[in-house]
Protein chains: 4
Amino acid sequence: MSQPVRIAVIGHAFMGAAHLHAWRTAPRFFDLPRRPEVALLVGRDEARTRAAAEKLGVEEIATDWRDAVTREDIDVVDICTPGDTHAVIAEAALAAGKHVLCEKPLANSVQEAESMAAAAAQAAERGVHTFCGFSYRRTPALALARRFVEEGRLGEIRHVRAQYLQDWLSDADAPLTWRLDKETAGSGALGDIGAHSIDAAQWVTGQQIDGVSALLHTFVTSRPVSGSAEGLGGAGDVTGERGPVTVDDAAAFTARFSGGAVGVFEATRFALGRRNANRLEINGSRGSVAFDFERMNQLEYFDGDDPQQTQGFRTIQVTDAVHPYTDHWWPVGHGLGYGDLFVHQVADVLTALDAPEGARPDFGESLDVQRVLDAVERSAEDSSRYTSVTR
Amino acid sequence: MSQPVRIAVIGHAFMGAAHLHAWRTAPRFFDLPRRPEVALLVGRDEARTRAAAEKLGVEEIATDWRDAVTREDIDVVDICTPGDTHAVIAEAALAAGKHVLCEKPLANSVQEAESMAAAAAQAAERGVHTFCGFSYRRTPALALARRFVEEGRLGEIRHVRAQYLQDWLSDADAPLTWRLDKETAGSGALGDIGAHSIDAAQWVTGQQIDGVSALLHTFVTSRPVSGSAEGLGGAGDVTGERGPVTVDDAAAFTARFSGGAVGVFEATRFALGRRNANRLEINGSRGSVAFDFERMNQLEYFDGDDPQQTQGFRTIQVTDAVHPYTDHWWPVGHGLGYGDLFVHQVADVLTALDAPEGARPDFGESLDVQRVLDAVERSAEDSSRYTSVTR
Amino acid sequence: MSQPVRIAVIGHAFMGAAHLHAWRTAPRFFDLPRRPEVALLVGRDEARTRAAAEKLGVEEIATDWRDAVTREDIDVVDICTPGDTHAVIAEAALAAGKHVLCEKPLANSVQEAESMAAAAAQAAERGVHTFCGFSYRRTPALALARRFVEEGRLGEIRHVRAQYLQDWLSDADAPLTWRLDKETAGSGALGDIGAHSIDAAQWVTGQQIDGVSALLHTFVTSRPVSGSAEGLGGAGDVTGERGPVTVDDAAAFTARFSGGAVGVFEATRFALGRRNANRLEINGSRGSVAFDFERMNQLEYFDGDDPQQTQGFRTIQVTDAVHPYTDHWWPVGHGLGYGDLFVHQVADVLTALDAPEGARPDFGESLDVQRVLDAVERSAEDSSRYTSVTR
Amino acid sequence: MSQPVRIAVIGHAFMGAAHLHAWRTAPRFFDLPRRPEVALLVGRDEARTRAAAEKLGVEEIATDWRDAVTREDIDVVDICTPGDTHAVIAEAALAAGKHVLCEKPLANSVQEAESMAAAAAQAAERGVHTFCGFSYRRTPALALARRFVEEGRLGEIRHVRAQYLQDWLSDADAPLTWRLDKETAGSGALGDIGAHSIDAAQWVTGQQIDGVSALLHTFVTSRPVSGSAEGLGGAGDVTGERGPVTVDDAAAFTARFSGGAVGVFEATRFALGRRNANRLEINGSRGSVAFDFERMNQLEYFDGDDPQQTQGFRTIQVTDAVHPYTDHWWPVGHGLGYGDLFVHQVADVLTALDAPEGARPDFGESLDVQRVLDAVERSAEDSSRYTSVTR
């Protein structure tokens, strides 16, 4: 390894912890051109940030993200904050010549995302790279699905069936968190988890969503403003004040893809019993694949070219040395976990830093997801009428 | 058993064979008030009908369905023909005082279905019953799901997720059969299999679909007019003439239910590898159920009232003596097959014949499915705009 | 069809009902050389037999099995009684020139089975056939597994893993039925369900079991002598008398096969939650198959010749026209049930009646299962010492 | 955290890498009383060890394990070498007052293991702790299974069904590695993976194995001495020399447990298609659990106290905050991977260092596994005769 890459991580909650784990772990399993060092952890509350830094093994902290941008020794700004802060941080970092890795969704509106993508395009001319944290692309099984599409194994794609089902809001008294506030989060299930489905569907198929017909719904319109968090949900204080939920609880839409496929998407946090069922099934004229993150080390694959009597969905344990990412880890059958996806993401980012073509998805590609989200919202407001994605 | 019930079966293809098997088998496993006898088999081609009758064990045949209606000794007319003939046969039979069991979908249009339902209502006043062959209601697992809803085990229902996935048209050179002709079949995947999903979803939840936003699509617009059939599909004669496919290959729609649930429906014959995946998942505030006909003897059930550390979807083997229908068959764990659903249907019909309230679904209830199908088609023609079901 | 085949069924409980269903149904779905007619139903209790006959659609009854043997118009004697009566009935029937279909296990001891096999061999010379009811051979998925072995798809077979898990005796107060009495049943889980595993394992692999090392165990040594039956189990009268359980509750043994494979077998009625998990997995040098009767329409198949990145167990829906038996039934994906296996069995029997080579398994082949059962019992009595099967 | 704990890791192959990852990661997710630092990496080949140390982030290396023992600044010696070196290293380390974490199986013979356990007992009196790397105990799902047993949820345990199925030796030309050499590895599938099953079965049930009846088999008796490794297997040089395989390829045994349960065990590396199927099923009088490492984040649980109509195996996503270990990681449904087990192991070790009772399993408890392995080998050599475990 030549010179180190110095990173500032902004945010130290769920995503911040995942990213820090990744920066620390990636060089131990992957052969990387540059050695990463997390030099700075930024959080608004000094005491909590200091505690997090100590726990997560970062020496320096700051309470203002501008410190990350102005410091000359920082090479990469890694944004793990809610969506309403992405644009301002990212654009400042790019202006300062920092590479930026930004959590998804890229922004809370197409306007912001366009501005970010424009800034990224300018920065790219100076060799500065942008990345967006669609981490599920780093799942070996989904990366294998994409490889199968590229190899022509699915033939002409006809159906895309994407569900992202969670249940942490099923309890009508779970507390009102920032994820339920439109100002901070942009949207609800749609942007938080539906965005993952949109990105995965477009990426795996290699097709764009042309238009959508959508329905958004909020089942529980007010929730306790305080309570004890547990995971993403928790138990609200039912004796106290309730505040309005200003985002969607569930999103459902049909879609048409640029290559002729028909899509059906659903994102919800009310699918009781489905903890994190991020599912994607694609049916083509020659083959099909199906994935469910609750069994993240497996990909279902149907090969229509198999002899008729042996046709069936194969359950591939995507842990073999020939599968994406997995040769860096354990022997076959010894699966990976959620946290490992972030290691892959960071390894891809570090590998791309000195590459002219950069890594995917950059801000430009992630803007596209934002445009689909926007079409979904516009369709939902227009009686579900079919609405083209504006590009 | 008092007097026998004499039945005329119209049609002897896939459905006719299933019904005949059922009439013959039901009295051997169920205690029925009346003993069924299939007295007449009707088909248009005399030789083929005679061969079928011999194979299926029916003594008399006719080539005109009117014979079934005019004969005094016939009590039940069982209609197993394509949808374009349902109305005329059923109405004639009802006028002649015959009970009628009619395959689904009830008709090829709302207009026909309304006429049939009106005739059924009149006949009902004279103690003549009508039934529609939504046979999946007779699946023990789905009947158990409905029981769970009735027992309040699911709480407030939020999500309905229905897919009916087949793949027998994946091959673009499969032959053009009557199921691909709008005049005969009414619609494609929508009416043939989507109708089952609509009926099951409304029946299990006890809610009506208020409105839909729909997309219909035909992937393969022309097919060989001749070829060798195999199952529902087969191999077309690619050197010969091709004719137009005039129905949908796939249907997808979102829906709003009368009780506030959000629905997502998909029906297709192009989901390569999914042979007959008739799936229904329902998520409520207290519990969830999930079903897939490819494992028809199982119901997945999630009980939100379980202690947190033991929560999970249960795989219930719906073969226990306490489950619907199954006490009439084998010991627990010795599952049933597709053909047995028709035995249940016939047992329900025979039990209902002398009951004032009749059996479900009657023509009136089945008209409702037709109205949803109609709303789906209207929405699809109107840029997927949200379209209320007209009742 | 030329002349009919007239059958006398001895026994009208679980197995009797299954056989009667099969005789009635087979000619409706299969093209058979002879038309079956059940002419006589035999049971010891006249009233109950008469009720059963009426329900099951048989006109004549008898209370002495000898009537079935002496009547000239009977062609086939179908024995559905407990094991202690098999030998005497079968031998008398064969002596009278009747074909015999006998439920499994063939007998309660090797001695009886040898005598039956000898009688069968003599009868065979006169064109009289014998069959044993190892009905699971008629499962399309297991028949497909055997076909795969014959086609060389598994290569050299190394592992056989057979489990037959039920749980209807888990309740220590379930009543003492004839299946728990050594005199009547011969053995417990071993002969009742383990026999199925032994037969299936030898049949699918085409190899014989050379020797075994076995353990038999009775968990609950006494049970209420009376109670209400439900399925195979039920609720015993805990206030009344208890009697001794004289058979094994569970059997476990390792085995060596003639072709070099290593086998592990387990049969139990105490695997709480496993209703009827009749499982068989075979691993070879080129491929593997796995089956579980709780999903009887599926076969798992692993093809070691697949490219490495796409290797995985395929879930074959064994309902395709190219699969064993299934072309006689419904379209692909519309699965079969337990009762349909008996239809296949009867179809095979009827087809074999006029064939010189007869059907499999005949008494001779079924004697072999008895010899393995005997070796298991001898090993268990000899401190699990490896015990060769005496042939 | 007070003072750091300084660790020397001996070995840097598969297990060494897993342990190093764990030492580095544990303090970032767990609140530990002591902060771990890996101070030394030991390997026999200097260049390869130096490369590994650089990759894995360890500053100092040594080529003689004695350096780890003699250095005063080392607190824990972590032994990740083949079994033939465990005893000598561990005993020297204990003599030097170092805590020892030793990979499984503890040793290659009972004699060695007894010596190690004796040394551990002496050391324990001086507050020096020993641990053995039965890492699967750290799987949240298996830890939950154990909790269920402790809570009485399974009732009286009747059946233990343990399989550890791999397939990396299915190819008869895979190369001869140290794992196939009795001198180095002690035994084959039995000690390598069967030991995990034995430990897990005894630990989860809380019962000891009293005796066994066993069969060991070697399918492929010679293999190429050189070749290219891939994962645990690889492609041997078929044109070169072949050497003898001196260990078992597969082990199968029945067992009796101290509490009356019957066990069936199987360990093999020839189960083609089963990549790492470490399975454990336990059936009790009140409940059952089933686990398969290929879906490591799930536990199947059957509760016999459920109402009859809702009974079924629950698939618990063992990723909830109330489950073992998982509250330290991600939100519910975001599963863990194989590498994370080692993080749990190290967290348990570090927590136990200052606790009088130490951690489990210590050498004494691990000796017990060795005694079972020994009984298995003795039984296999004695015609599978039932052989008591000598304690």
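Visitor: How many salt bridges does the rule find across the interface of chain C and chain D?
Guide: This is a predicted model, in which local features need pLDDT of at least 70, side-chain atom pairs count only at pLDDT 80 or more, and totals for chains, interfaces and linings use all residues; side-chain values use heavy atoms, leaving out hydrogens and water. Residues are numbered from 1 along each chain as its sequence is written, while chains are lettered from A and ligands numbered from 1 in the order in which they are written. A salt bridge is a side-chain nitrogen of Lys or Arg within 4 Å of a carboxyl oxygen of Asp or Glu. Across the interface of chain C and chain D, the number of salt bridges found by this rule is four.

Visitor: Which residue of chain C meets D:Arg274 in a salt bridge?
Guide: Side chains of opposite charge can pair when their charged atoms come close. Here the N to O distance is 2.9 Å, and the partner of D:Arg274 is C:Glu281.

Visitor: What area is buried between chain C and chain D?
Guide: Contact means heavy atoms within 4.5 Å, and 49 residues of chain C are in contact with 49 residues of chain D. Buried area is the accessible area (1.4 Å probe) that two parts lose on being put together, summed over both. Carbon and sulfur atoms give 52% of the total between chain C and chain D, which is about 3,900 Å².

Visitor: Which residue of chain C pairs with A:Asp306 in a salt bridge?
Guide: A:Asp306 sits in the loop between strand S17 (298–303) and strand S18 (313–317) of chain A, and its partner is in strand S18 (residues 313–317) of chain C; strands (E, at least two residues) and helices (H or I, at least four) are DSSP runs, numbered from the N terminus. Buried means under 20% relative accessible area, exposed over 50%, and partly exposed in between (1.4 Å probe, protein chains only). A:Asp306 is buried at 9%. The N to O distance is 2.8 Å and the partner is C:Arg314.

Visitor: How many residues apart in sequence are the parts that C:Asp192 and C:Arg269 tie together?
Guide: The two side chains form a salt bridge of 2.9 Å, N to O. C:Asp192 is in helix H8 (residues 189–205) of chain C, whereas C:Arg269 is in the loop between strand S14 (262–268) and strand S15 (277–284), so the parts they tie together are apart in sequence by 77 residues.

Visitor: Which residue in S17(B) is the bridge partner of B:Ser288?
Guide: Two strands pair if DSSP finds at least two bridges between them. Strand S16 (residues 287–292) of chain B and S17(B) run antiparallel and are joined by four bridges. They form a hairpin with five residues between them. In S17(B), the partner of B:Ser288 is B:Phe302.
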